Amino acid sequence: MSWKAIAFSEAGTSHQKSGQTCQDYAKFIKLNDFGETVNDGDIIIGAVSKGCEGYKHSDIGSQLAIETALNYLQDRIQFVGVNEAKKNCLLDISKEEADKVVRQFFLQTVEKVSKNLDVKSQELRCYPQDLSCALLVVLATPKWLAAMRIGDGFIVIQQPESEYQLLFDPIRRESVNKTTFLPDSNALELIQFKISEGQELIFASTYSLQILALDIGVKYKPKPYFFDSLRKAINSSSEDQVIEIIKNVFKTKTIKTFTEDKTLLLCFYKSPLLEELDYWYQLITALTQELSDLQSDHQKLTEKLEEREQELSSLLDENQALTEQISQARIEIHEFSTGIQVKRVGTGWVSQGFTGEYMNRTLDQIPVAVQRAISNREFAVAGGTSSDEPAVIGREISDNGEDEEWSVIAVVTKGRDDRGRSPSMYRYFLCEGIGNLGNILAKFNKEGGIPVFNPYDAKRIRTFEVDQNPSSSSTNLSDQLKSLLDAQSTPIIVPWQQACTPLILNEMARQIPGNQPISWAFKVEALEQPTRFQVIQPASEKAEQLLQQMTAVTRQYTVNIVREQSIKSVIKGLSSREQVKSEQILILENALNDPQINDNYWKSLFDSQGASQWRSQGIYNPQMVRVLTLQAILIPERLSDYLISMSKQGKQDNHYQTSENFQTEIRNALTKVSNQTPRLIKNLVEGVKSLIPTLLEHPEQVEVTIWLLQLPNGLWSWSYSQVFIPDYLDHDLNLMPKFARGNKNLTFKLTSHPEWYQILGELSIFWKNRSVSKIERYQPLADLFKKLENSPKLAAFFSHIAYGKGEISKQIFSQIPSTDGWHSNVYGVRVERKVTFVDVLFLMLLKEFEIGGIDMRVGVALAILLVFTGLGVITGLAVGRVRADKKPEPSTNQSSSVSMPKSSNPLEAKDNKNTSSYPP
């Protein structure tokens with residue numbers, strides 16, 4: 001368990017009346033063993049500061065003192081965590097060692113605070129005393145506590161199974177004005193320091209609450225009832241709830257009148273053993289109360305039981321009568337047929353084309369579940385029938401999404417159209433409920449056979465009474481057919497020459513274990529989806545060979561799954577630009593939670609939608625992109641294949657836009673029901689978990705992975721940034737330092753994945769041996785995290801791993817915490833920033849050397865040299881110009897008395913307009 005803590009301040013009545021703010025301040029930070037700020041750290045630093053009354057900037061001084069103290073101590077703890085010459089961290093040192101280490105920390109802290117207060121006074125143009133404040137600081141681990149005080153205030157602690165203790169002697173009211181405060185020059189000499197064994201409760205407060213928390217009449221002994229109430233509150237309530245409780249306490253009549261500001265810091269740490277005991281105590285108490293309640297209710301239940309026995313006797317009599325009535329049930333068999341434009345030819349007919357609507361129907365509307373089954377080709381024969389004998393297909397349809405159950409028989413016959421072709425004509429018979437296929441067939445047997453497609457048949461609803469006792473209507477199976485059932489492999493292919501009837505196939509399907517909806521096909525030449533049936537009897541030897549070949553290649557567990565029709569309808573609808581609805585998302589969520597549905601089922605379903613064909617043929621249209629996106633959601637391991645398919649389109653980005661829009665639609669629908677879809681969300685996270693390791697073998701996929709993981713409204717970008725990074729990768733990398741130190745009681749979240757198990761095992765050497773240079777195969781991960789937003793720590797870490805020490809770019813390094821601008825501690829590994837040419841030049845300019853007994857920086861010397869060089873150049877130019885101005889001008893008479901000889905060059909003569917002797 002980590003620390004629970006609250007810090008609270010409230011202005012006193014004197015400041016409230018004068019309109020002033022609270023002069024006090026309190027704050028805490030929780031740290032891990034490397035000094036990093038976390039919410040569940042085992043190290044806590046807290047401080048309380050009281051601004052001295054009468055000093056105009058004491059409120060600024062109190063806040064500055066605390067911020068400086070906490071920041072400085074955190075830096076010191078981080079130093080301990082990375083300094084190999086000392087213990088690994090503060091959690092490892094004893095109380096005696098802490099006495100030496102932390103005492104020095106506190107002295108340095110006071111110096112730092114005093115210095116910052118002096119600097120602040122210069123900024124405010126005031127005296128340092130105008131920032132005067134008292135300061136209480138505590139630094140605690142589960143093993144020990146160290147505390148310091150300058151000025152007034154008090155600290156109360158409680159160790160496990162002990163009384164409350166006051167750490168420092170209290171300051172009496174008459175001595176307050178004589179107390180030393182920061183930034184007094186003698187503060188270092190009067191600092192008070194205490195160290196104690198591990199404790200559960202720490203309470204630090206300013207002077208104003210002494211009267212409330214301490215018994216002044218008994219040597220300022222802590223009041224047990226006051227601290228017991230605080231302990232109970234912070235143990236059983238959240239930190240925000242504790243603050244509200246304290247606010248209500250401060251509103252009471254007695255405390256409300258306090259003139260001085262009220263400030264406190266409350267910290268609580270419970271050991272795992274005490275937490276376990278407290279849990280069992282509460283559980284036993286609750287069970288005891290529940291047992292008492294049960295005993296009190298027992299008498300009442302006994303009395304009610306006697307009354308219910310009398311009622312039950314009457315209900316049994318009524319049930320017997322109802323059972324006799326139910327044994328005879330009235331069944332209604334409806335029908336509808338393929339809609340055609342029919343033309344009578346002699347005593348027969350021909351089709352002039354399909355109408356697109358069903359004909360001869362006895363229902364106002366065809367049930368939605370049945371329409372879905374037909375649309376999903378559950379009754380479709382391939383290529384029609386090769387003989388005049390009709391094919392018969394029976395199927396039970398159960399669709400929980402529509403809350404419908406139907407028993408349906410389709411009779412398929414060979415028709416004839418006006419162009420001489422033989423299209424397949426379907427006549428459907430159906431009744432509500434499952435388990436009625438045998439009743440429909442029995443009815444037709446009594447009427448002389450199964451009716452075939454005939455557009456001129458009069459439509460009618462068939463009704464009859466059916467005996468519900470299965471034993472009276474059972475069909476006997478031959479030994480040969482029983483042996484086929486014993487094979488335990490579906491679909492069962494009944495030899496084409498085997499004497500058989502639809503009733504026999506129905507009975508065989510009924511006896512297949514698993515209690516699945518029945519599906520069979522009788523006398524078919526070919527089926528579009530043979531693996532979706534339990535029992536099939538081919539119509540010919542050729543048909544049997546074809547069906548055996550097809551099922552041998554794609555044989556799998558193919559019995560119907562509950563809600564299968566709605567699942568197929570959702571996949572088909574979403575693949576064809578149908579608007580995404582929350583109801584569809586919930587259907588997919590329920591399917592993922594169905595134990596009968598596995599990755600093989602999804603693969604078969606998507607292949608039936610053309611996924612494998614599109615991928616093999618390189619067809620990339622919007623429908624294909626939507627199908628592959630859905631496949632990557634429902635089968636996380638396919639996310640890498642999905643990106644490979646996306647990247648094959650090169651510079652054409654319309655398919656990227658299609659996927660991005662589709663992801664946005666799904667995410668909007670998913671957001672509305674996110675609390676009901678944990679499995680879908682888990683699939684998205686699993687996809688990211690499986691994808692990233694594949695980049696080590698396929699670095700060419702880094703760019704398309706970046707596109708996927710930084711889409712503003714993408715599915716995987718959300719699961720990457722909100723779940724995978726904080727809950728998985730960050731979590732496991734933060735555990736690696738402890739693992740490297742030999743701690744085996746750690747719970748990693750990624751090691752269940754084989755690739756991540758190998759990666760973390762390979763990376764563990766960087767925590768065990770700091771001399772390791774680099775592992776270049778992790779360069780794709782370094783490049784990935786460099787370009788992804790919100791991953792600076794991962795970018796720095798994997799850049800160090802993949803490119804070596806001192807290879808982290810300045811841009812990345814500027815986004816992670818650093819003590820000196822050059823080094824940082826990332827997941828417990830010391831990393832360094834890359835030194836550029838500009839950095840080298842800058843460092844050279846800062847380097848000092850001695851010249852003429854004077855220490856001087858290179859940059860200063862260069863600046864002086866440039867100044868004098870510039871002055872020399874300017875002076876030289878000026879002197880040269882003065883000399884040029886004093887040069888004597890040539891005589892006009894001399895120049896005019898000199899005669900130039902005429903040139904003999906014809907080109908020069910040609911240019912001389914006055915002396916030219918050449919013709920134009």
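This is a predicted model: local features need pLDDT of at least 70, side-chain atom pairs count only at pLDDT 80 or more; totals for chains, interfaces and linings use all residues.
Buried here stands for under 20% relative accessible area with a 1.4 Å probe and protein chains only.

Residues are numbered from 1 along each chain as its sequence is written, and side-chain values use heavy atoms, with hydrogens and water left out.

## Helices α21 and α23

Helix α21 (residues 678-694) and helix α23 (residues 715-740), both DSSP runs of H or I with at least four residues, have axes that come within 9 Å and cross at roughly 80 degrees; the axes are lines fitted to C-alpha atoms over the stretch in contact, and angles run from 0 to 180 degrees between N-to-C directions. The two helices are therefore roughly perpendicular to each other, a label for angles of 65 to 115 degrees. Contact, meaning heavy atoms within 4.5 Å, is made by residues including Leu684 and Val688 of α21 and Trp716 and Phe724 of α23.

Leaving aside its neighbours within four places in sequence, Trp716 is in contact with residues that include Thr629, Tyr642, Gln663, Leu684, Val688 and Leu708.

## Helix α26

In helix α26 (residues 779-787), the residues Pro780, Leu781, Ala782, Leu784 and Phe785 are buried. Their cover includes α21, α22 (702-709), α23 and α27 (792-803).

## The five-stranded sheet

Five strands, DSSP runs of E with at least two residues, form an open sheet in the order β1-β12-β9-β6-β7, with antiparallel pairing; two strands pair if DSSP finds at least two bridges between them. The edge strands, each pairing on one side only, are β1 (4-10) and β7 (164-166). Neighbouring strands of this sheet are turned by 15 degrees against each other on average, direction ignored.

Helix α5 (residues 224-236) packs on the sheet, where it touches β1, β6, β7, β9 (201-205) and β12 (262-268), and its direction makes about 60 degrees with that of β12. Helix α6 (residues 239-250) lies across β1 and β12, running at about 35 degrees to β1.

Note on methods: Angles under 35 degrees count as roughly parallel, over 145 as roughly antiparallel, 65 to 115 as roughly perpendicular and the rest as oblique. Buried means under 20% relative accessible area, exposed over 50%, partly exposed in between (1.4 Å probe, protein chains only).
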